[in-house]
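Here is a short walk through one protein model. Keep the 3D view open as you read.

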Amino acid sequence: MTLFGHLDPYAGDPILSLNEAFQTDARAHKVNLSIGIYFDDAGRIPVLECVHLAEARMLAEDGAKPYLPMEGALSMRAAVQALLFGADHPALGSGRIATLQTVGSSGGLKVGADFIRRWLPASEVWISDPSWDNHRAMFEGAGIAVHSYPYYDAAGGGVRFDAMCTALAALPPRSVVLLHACCHNPTGVDLTHEQWRALVPVLRERQLLPFLDLAYQGYGDGIAEDAFAPRLLASEGLSFFVANSFSKSMSVYGERAGALSVVCADRDEAALVLGQLKAIVRRIYSSPAIHAAGIVSRVLGEHDLRTLWEADVAAMRMRILAMRRSLHAVLSAKKPGRDFGYFLTQRGMFSYTGLTAPQVDRLREEYAVYLVRSGRICVAGLNRGNVERTAEAIAAVID
Ligand code: LMR
């Protein structure tokens, strides 16, 4: 009898394990479209100049590394609020937003999930069909039942908006509705502004609790543009959660830089919420990372770094759009009569290709092109050196 012999073997994570398998593939022409990471045209994860400069300025300072408070650095928390809601948004002045720095936006999702489990124990969570592979696991891991609402229209390539609203309008009050604020993962298909506006009365009338996931800010239509949803919901006076990430927008994946904001009814409620969020943080990881706070606070708060950052985010977004156009052009030429227009209309890092799991397996085995088995590709893994070859490989595996 051993202590651990009865454990189930871990099947691995559909995204992270695939990314690990890619690293060990010896084929020189391999292409990584598996994980939501931005690679530059040379296939490298860029170090943004603004981040490099922020780190240099941090190094030149005192250098002491005390614990941050449970809620993280005040400078970062204030900068996050201005970034998400706009510096002049009345919700900021009213003090009704509780924001804490978290360990990536995954940390924000986890802290939010534990908070819901503790303080809204009857609430269950609804995620889009489909959603990021880890959403369900995260909320279920916190002990919350997870269901899905209709979202992606596989036939038309858009959102099944009427079906989505009908489903949400029938939920029990205080149900949690997880929504992708921009750059929907995995489909790349977002709600339009009109649809967001039409969603507000549904959320309000059913007293639903929106939980926005904003991991790809800047990769859709722009930094401020991609924050349309939190700004709208806050203006409409709703209470909601938003977990946001700097992993992608600042290319600081391993720094685990993220935040969780809870927009409340008023300042007093926000203070209560922040207190209980701190209690949850203390029980999980005590406090977040000081280096992440330093980078984000400086890049968002120092004018020269902010200017560099905004230009870099725009350049990354434009490069992805160029890759979308190339993929579309090669595939349309190779497979005349088929409509690949979705590559052009989907937003952010991901495209949902409709490739089946066996086709995905063939792409990996025969062509060294890695993507998750749902058929999602990370367009940011394409570059001028591999896009044509990748498009030809895709053309070869589809009928
Ligand atoms: C993805 O969806 O590929 C990214 O969000 C990375 C991850 O943690 O899954």
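Which residues of the largest nonpolar core touch the most other members? They are Met164, Leu199, Phe246, Met250, Trp309 and Met349. The model is a predicted one. This core has 107 residues. Helix H12, residues 303-334, gives the most to the core, with nine residues. In soluble globular proteins, nonpolar side chains tend to be buried together.

A second core is separate and has 30 residues. Among them are Ile116, Val125, Ile127 and Val176.

Now go back to Phe246. Leave aside residues up to four places away in sequence. Phe246 then touches Met76, Val80, Leu83, Ser251, Val252, Ala257, Gly258, Val296 and Leu300.

Next comes a helix pair. Helix H2 spans residues 49-59, and helix H11 spans residues 290-301. They pack at an angle of about 115°. Their axes lie 9 Å apart. The crossing of H2 past H11 is right-handed. On the H2 side, the contact uses Cys50, Val51, Ala54, Glu55, Arg57 and Met58. H11 brings His291, Gly294, Ile295, Arg298 and Val299. Sorted by class, the contact holds six nonpolar, two polar and three charged residues.

Last, look at Ser17. It sits in helix H1, residues 16-24. Is Ser17 buried, partly exposed or exposed? Ser17 counts as partly exposed because its relative accessibility is 27%, while buried means under 20% and exposed means over 50%. Ser17 and Gln359 are 342 residues apart along the chain. Their C-alpha atoms are separated by 19 Å.

Notes
Residues are numbered from 1 along each chain as its sequence is written. This is a predicted model: local features need pLDDT of at least 70, side-chain atom pairs count only at pLDDT 80 or more; totals for chains, interfaces and linings use all residues. Side-chain values use heavy atoms; hydrogens and water are left out. Axes are lines fitted to C-alpha atoms, for helices over the stretch in contact, and angles run from 0 to 180 degrees between N-to-C directions. Helices (H or I, at least four residues) and strands (E, at least two) are DSSP runs, numbered from the N terminus. A crossing is left-handed if the near helix is turned anticlockwise from the far one by less than a right angle, and right-handed if clockwise. Contact means heavy atoms within 4.5 Å. Ala, Val, Leu, Ile, Met, Phe, Trp, Tyr, Cys and Pro count as nonpolar, Asp, Glu, Lys and Arg as charged, and the others, Gly among them, as polar. Buried means under 20% relative accessible area, exposed over 50%, partly exposed in between (1.4 Å probe, protein chains only). A nonpolar core is a set of buried Ala, Val, Leu, Ile, Met, Phe, Trp, Tyr and Cys residues joined through side-chain atoms within 4.5 Å.
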